[in-house]
Amino acid sequence: MMVSTKMDKKNATESLACAPGDPSDAPMYSYGTLITLDDELLKRLGITELPPVGTVFMLTAAVEVTGARSSQRQGKQDSSIDMQITDMELGASGKADSDRAKKLYPDQA
């Protein structure tokens, strides 16, 4: 089941507590949810042209937990885990399964 990483308005506004700013500038997503793919990985994933900003892809990934933390401050428990993406597949969202298969496995079409 897919779970949205988008923050609600309260959490987004609270993330600005340490920095002055307009509440409309609050981040939409939690820290650590952004990944950046370099040239080599883009080529291996079959991305030959940069997609326009706003393009939606479906990302399927295997991850390995590389760290786990739990701490308590002023009675509040905080926990987090670090995950390293070890394998991934990137497909166009909203395309028919046959279109995805052709893009991902062009030699099999």
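This is a predicted model: local features need pLDDT of at least 70, side-chain atom pairs count only at pLDDT 80 or more; totals for chains, interfaces and linings use all residues.
Local features need pLDDT of at least 70, side-chain atom pairs count only at pLDDT 80 or more, and totals for chains, interfaces and linings use all residues. Residues are numbered from 1 along each chain as its sequence is written, and side-chain values use heavy atoms, with hydrogens and water left out.

**View 1. The largest pocket holds about 1,600 Å³ of space.** A pocket is an open set of points on a 1 Å grid over the protein atoms alone, where a 1.4 Å probe fits, with protein on both sides within 12 Å along at least five of seven lines. Grid points are joined across faces, edges and corners; volume is the space filled by probe spheres set on them.

**View 2. The lining of the largest pocket counts 39 residues.** Lining residues have an atom within 4 Å of a point. T33, L34, I35, L59 and I85 lie closest to the pocket centre. By class, 26 are nonpolar, 10 polar and three charged. Ala, Val, Leu, Ile, Met, Phe, Trp, Tyr, Cys and Pro count as nonpolar, Asp, Glu, Lys and Arg as charged, and the others, Gly among them, as polar.

**View 3. α2 (39-44), β1 (57-73) and β2 (76-92) each supply at least two residues of this largest-pocket lining.** β2 gives the largest share, nine residues. Helices (H or I, at least four residues) and strands (E, at least two) are DSSP runs, numbered from the N terminus.

**View 4. The second largest pocket has a volume of about 230 Å³.** Its lining is R69, S70, S71, R73, D78, S79, S80, I81 and D82. β2 gives the most, five residues. One lining residue is nonpolar, four are polar and four charged.
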